[in-house]
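Welcome to my notebook. These entries follow what I looked up about charged and aromatic side chains.

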Amino acid sequence: MAALALMWLVAASVLVGSTNLVMGLGEAVGFIHVGGKVMCQDCTKNYNAWINGDRPIKGCRVSLTCMDEGGRVIYYGSDETNEQGQFEMTLSKVLNGKELKEKLCSVRLVSSPNPTCNVLTDFAGGKSGVKLRGPSLVYRDLIKYVLAPFYFTSPICDRPDTTQSDGGYTNRGSQY
């Protein structure tokens with residue numbers, strides 16, 4: 001009888017210990033979800049149409065780059081937008097045995113397949129990149145960042161940068 005009680009005690013200890021181990025791993029291993037939209041903004045429209053007339057672009061490429069504390073890239077991924085112009089990227093909070101620091105990650109526009117709306121703008125930081133700050137949703141092991149929409153514009157909206165001495169062109173889309 002004492003042997004049976006001892007066996008139950010050992011079994012319960014193993015069960016509790018393994019449950020704590022799994023719970024500890026569950027806290028360390030989580031996922032980061034990053035999502036948003038990519039839209040086309042046409043500067044040739046009147047103000048009302050320009051403000052309210054943005055439309056989603058299918059097939060745009062958006063990238064997510066994460067660095068370590070030493071400034072080295074530890075993750076690079078990209079996603080293509082769907083028919084609604086939406087993208088969604090998911091990555092593990094643990095990469096190569098190290099915990100990812102979301103504040104060292106940034107999202108930016110890469111390209112647009114639309115020939116009439118393919119000029120990068122810096123509306124919401126799409127051209128220069130947006131650091132992940134303050135998740136939109138945190139629930140158990142889910143951390144989700146929903147970014148403000150990024151925008152491309154048409155080539156006609158791309159104005160020359162008169163501050164450069166070589167007469168080069170640069171996107172001034174955020175000025176419109």
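I began with burial and found Glu102 buried, along with Lys93; buried means under 20% relative accessible area, exposed over 50%, and partly exposed in between (1.4 Å probe, protein chains only). This is a predicted model, where local features need pLDDT of at least 70, side-chain atom pairs count only at pLDDT 80 or more, and totals for chains, interfaces and linings use all residues. Residues are numbered from 1 along each chain as its sequence is written, and side-chain values use heavy atoms, leaving out hydrogens and water.

Next I looked up salt bridges (a side-chain nitrogen of Lys or Arg within 4 Å of a carboxyl oxygen of Asp or Glu). Glu102 forms one with Lys93, with the closest N and O atoms 3.0 Å apart. Lys93 also has a salt bridge with Glu99, at 3.6 Å between the closest N and O atoms. Shared partners join Lys93, Glu99 and Glu102 into one network. Why did I note Glu99 as partly exposed? Because its relative accessibility is 48%. Lys93 has 11%, so I noted it as buried.

My search of the whole structure gave 7 salt bridges.

Then I turned to aromatic pairs: rings of Phe, Tyr and Trp (its six-membered ring) with centres within 6.5 Å, stacked if the planes are under 30 degrees apart, edge-to-face if over 60, and tilted for the rest. I counted 2 such pairs. Phe87 and Phe150 are stacked, 6.4 Å centre to centre with 5° between the planes. I found both Phe87 and Phe150 buried. Phe123 and Tyr151 are edge-to-face, at 5.6 Å and 85°.
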